[in-house]
Amino acid sequence: MAEHREFFYRRLHSLLGVVPIGLFMVQHLVINHFAVYGEESFNRAAGFMAGLPFVLLLEIFVIYLPILFHAILGVYIVFVARNNTRTYGFFRNWMFRLQRITGIVTLVFIAWHVWETRVQIGLGNVDLDYSLMEGILTNPFMFWFYVIGVVSAVFHFANGLWSFLVTWGITQSPKSQKIATYAVIVVFFAISYLGVRTLIQFAYGV
Amino acid sequence: MAEQSTVTFIITRQDGPDSAPYEETFEIPYRKNMNVISGLMEIRQNPVNAKGEKSTPVMWDMNCLEEVCGACSMVINGTARQSCAALVDQLEQPIRLEPMSTFPVIRDLIVDRERMFDALKQVKAWIPIDGTHDLGPGPRMPEKKRQWAYELSKCMTCGVCLEACPNVNDKSNFIGPAAISQARLFNAHPTGEMNQSDRLNGLMEDGGIDGCGNSQNCVQVCPKGIPLTTSIAAMNRATNIQAFKNFFGSDNAH
């Protein structure tokens, strides 16, 4: 494997984006959606997740390390691309560019989001409950920051899923790649709804 | 019908590999059914620029003049393509000619495509048949396979796919789509298949297939209509399997 280090890292990057990071993101948004059913419901669900056995180990190996690796290599990948949508404005070339833009936006968003929630909870400054998110999201600026962050993350995941299928040689024929495009569009809208609906609940209580 | 009398070319020129590029405008008499190359030949015949100053002939590369050899690729009105197949009547004027930016410029519109040949060496895009004795005829190729493999064999190493690829540039070491498709071509051949792991391992070296970011520009711009992205996806699968074989398997030969 040593002589194919770059290949291995790029394949790992692709894999980690879906498992566990993508799965974690979907799970995170599903759990948060409990907020729509009421404050009590959200607090119970969030409390359950926070009370999982070995929660710190789970966080480190399922969330922090994979995201760190994906982010660091991802920034490098963004850096080595020379975008040319102006000359070659094809759909996939735009997706290529948006994948890189949303990657950076998502990185900024996640860094801020983790600092504001998980780190502050860890430091004992705030408590993990409905009112924490309500406090953050009733600020209109933060609400829109979160909307952009969540939609970016979901786009990055959905389009990344499409690339994942190609990178692992699952969708090879143009037809299968086209159908995969439609499938990930559905994924994008479905999961975006899940995330944004929760944000609206926290911000406006509806 | 009012015939236009002149054709304007704005050409990005460069006197040598290390000199600075500059633009020069030429106006040449219009003829029916001109292509970009016949325009360049006209300039060569009478190298006087639009300001009426005596200039030097514009240098370019060409060979077959029928979009088969790939030598005359250049960026025409922003898009990389073969200048022999670029008809003046179908182009917006003024016609802007630039050398392909992915490759080092030798002079004017001539670029050095050596990196493409290095890429073919990296993936061992040939079939070793030499032996110390007559190896006899190789296995036969199924007709259905021959049909799609023939499409891949149309690659003329023209460099247009590399020029259009956002991941082929001076910041990255990605070999580009052409060589990946060639690895698939030679792996499809019944004799070439005997060395398929060599080519797949070549694709897994640094700067290999992992540099693809799926922008899929290559398949859109390929003048020969080669299904490059299908080749890349197929080689993605093959290299993944090879990687597992290399690590977990006991049979490294094949």
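In which sense do strand S1 and strand S5 of chain B pair, and over how many bridges? They pair in the parallel sense, over three bridges; S1 covers residues 6-13 and S5 covers residues 95-98. Two strands count as paired if DSSP finds at least two bridges between them. Within this pair, B:Ile11 stands opposite B:Leu97 in S5(B).

Some ground rules. This is a predicted model, in which local features need pLDDT of at least 70, side-chain atom pairs count only at pLDDT 80 or more, and totals for chains, interfaces and linings use all residues. Residues are numbered from 1 along each chain as its sequence is written, while chains are lettered from A and ligands numbered from 1 in the order in which they are written. Helices (H or I, at least four residues) and strands (E, at least two) are DSSP runs, numbered from the N terminus.

On confidence, pLDDT is the predictor's confidence in each residue, from 0 to 100. Chain B has a mean pLDDT of 94, with 97% of its residues at 70 or more. The model scores ipTM 0.94 and pTM 0.94.

Back to the sheet. Chain B has five strands in an open sheet, ordered S2-S1-S5-S3-S4, with mixed pairing. S2 (22-29) and S4 (79-82) of chain B stand at the edges with a single partner strand each, so one side of each has no neighbour in the sheet. On average, neighbouring strands are turned by 35° against each other, direction ignored. Axes here are lines fitted to C-alpha atoms, for helices over the stretch in contact, and angles run from 0 to 180 degrees between N-to-C directions.

Helix H1 (residues 36-45) of chain B lies across S1, S2, S3 (73-76) and S5 of that chain, at about 95° to S2(B). Contact means that the C-beta atoms of two residues, placed from the backbone, lie within 7 Å.

Next, where the chains touch. The contact takes 28 residues from chain B and 27 residues from chain A. On the chain B side, H8(B) gives the most, with eight residues.

Last, helix H7 of chain A, residues 174-204. Its 31 residues should span 45 Å at 1.5 Å a residue, and its end C-alpha atoms are 44 Å apart, which agrees. The expected span is 1.5 Å times one less than the number of residues. Just after H7(A), A:Gly205 takes a positive phi of about 70°.
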